[in-house]
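Thanks for making the time this morning.

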Amino acid sequence: MATVIESEIVQGLRNGEFILYYQPKASLVTNRIVGAEALARWRRPDALEVPPGVFIPLAERSSLIRQLTLQLLDRLLEDVAGNGLGQGLSVSLNVSARDLEDATLTRTILHALAHRRLATTVLELEITETQALQGGERMLSNVQALAEAGIGLAMDDYGIGYSTMDTLSQWPFTTIKLDQGIVGRMLNSPKNATIVRSSIRLGHELGLSVVAEGVESPEQHDFLVESGCRVAQGYLISRPLPFNEFDVFRHNIGKCHGMPIGLVYMAILDHIQWRRQMVSYAIQRTALPKDSPVRQLDGFPALCLTQCALGKWYNGEGRYFADNPMYQAIDAPHRALHDVGARIVEAVRAGAGLRDMAPLLGGLKQASTRLVCLLEDLEDAGLEALYTAPEPDCPAASQASLG
């Protein structure tokens with residue numbers, strides 16, 4: 001493996017030898033390219049390409065990482081603004097704790113986006129959990145300033161840290177990227193499979209995007225589709241590409257399977273949580289004295305048809321199944337469910353006891369059972385379509401050998 005010294009990096013920065021390659025991120029719902037990760041490459045005058053694993057750690061151990069990040073950021077924004085990279089895409093850039101320790105990078109990003117009149121949503125910064133843990137209050141403050149401006153923050157290598165949950169709770173992450181090691185082992189390890197499924201569900205409940213890294217086989221792709229993951233990145237989709245090649249590739253639609261079947265499972269879980277919260281609310285509140293002021297307080301799940309998680313799915317990504325009779329049949333029990341829910345809240349506030357509530361809870365269960373049956377039938381039909389369709393001819397998979 002090639003070795004370099006700091007003075008060579010300094011010379012490379014002066015000569016503009018550091019460039020960006022873009023690795024596509026594909027939607028597992030539509031198969032369209034929805035984003036990219038900008039990856040640093042060093043192409044020296046002698047045509048030798050130095051691997052990032054050689055020069056990035058050296059730059060991070062010195063003050064050179066800040067200069068490198070700023071230079072790459074400028075190149076990225078030029079591609080986004082001048083070459084149209086930002087049209088409909090979000091592009092992520094890896095940054096280090098050192099980059100974010102002072103406000104230089106934060107000010108540069110905000111000024112550059114404003115100067116170029118770019119939406120802040122075109123840019124996402126990636127940091128690892130370890131880097132987040134290394135950062136202090138100043139780093140967190142700078143990150144929060146970027147987040148408040150609308151710039152995304154992704155936790156890279158999710159699943160290999162020591163206190164991931166605590167980090168997620170304290171930092172304004174908008175995306176978690178499942179570590180490629182966990183993704184690579186998930187088909188052969190029940191524990192890793194559980195970690196992947198649970199992480200996807202956690203991201204769904206927290207309102208975070210989930211990106212699976214290192215996806216290399218159709219089997220991994222289909223497992224992630226079934227699990228409800230929305231975005232994948234890896235050699236199955238494409239190796240990292242120079243800008244010109246990426247600009248052509250991004251307009252292609254992949255031939256891998258893609259459908260929101262995993263999101264039906266998410267909808268089932270969302271509904272079960274809604275029903276459980278409603279039942280818990282009814283039982284707890286009816287156990288209180290009739291005149292308890294607590295009965296008048298909120299604490300029940302969303303009563304609006306379009307505002308509950310199931311309703312958002314039904315009127316959003318669920319419309320993929322709009323022509324399916326099972327999808328169409330969901331509307332009636334869903335409406336009945338919310339009607340019973342509204343009557344439960346009204347009865348609680350009117351002073352009803354648990355015995356008075358029994359018929360309403362029975363009606364809630366009946367509507368819920370019908371709804372879950374329809375969702376499960378829809379999921380079964382989708383799984384059958386996913387796994388019995390002809391083997392996909394994924395042209396990106398053949399590119400893996402070129403990487």
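How many of the 10 residues of helix H11 (residues 218-227) are buried? Before the answer, a word on provenance: this is a predicted model, in which local features need pLDDT of at least 70 and side-chain atom pairs count only at pLDDT 80 or more, while totals for chains, interfaces and linings use all residues. Residues are numbered from 1 along each chain as its sequence is written, and side-chain values use heavy atoms, with hydrogens and water left out.

The answer is 7 of the 10, so H11 is largely enclosed by the rest of the structure; buried here means under 20% relative accessible area, exposed means over 50%, and partly exposed lies in between, with a 1.4 Å probe and protein chains only. Helices (H or I, at least four residues) and strands (E, at least two) are DSSP runs, numbered from the N terminus. The buried set in H11 consists of Gln220, His221, Asp222, Phe223, Leu224, Val225 and Ser227, and these residues pack against helices H9 (180-185), H10 (190-206), H13 (261-286) and H17 (354-388), as well as strand E8 (209-212), where contact means heavy atoms within 4.5 Å. After H11 comes Gly228, with a positive phi near 95°.

Let me turn to helix H3. The axes of H3 (residues 64-82) and H5 (residues 104-115) come within 11 Å and cross at roughly 15°, which makes the two roughly parallel, a label for angles under 35 degrees; the axes are lines fitted to C-alpha atoms over the stretch in contact, and angles run from 0 to 180 degrees between N-to-C directions. On the H3 side the contact is made by Thr69, Leu70, Leu73 and Leu77, and on the H5 side by Thr104, Leu105, Thr108, Ile109, Ala112 and Leu113.

H3 also packs with helix H1 (residues 6-15), at an angle of about 25° and with the axes 11 Å apart, so H1 and H3 are roughly parallel to each other as well. In this contact Glu6, Ile9, Val10 and Leu13 of H1 meet Leu64, Gln67, Leu68 and Gln71 of H3.

Finally, the cysteines: a search of the whole structure finds 0 disulfides, a disulfide being a pair of cysteine sulfur atoms within 2.5 Å. For Cys304 the closest cysteine sulfur, in Cys308, is 7.9 Å away, too far for a bond, and Cys304 is partly exposed, at 39% relative accessible area. Cys373 is in no disulfide, with the nearest cysteine sulfur, that of Cys308, 18 Å away, and Cys373 is partly exposed at 35%.

Conventions:
Parallel < 35°, antiparallel > 145°, perpendicular 65-115°, else oblique.
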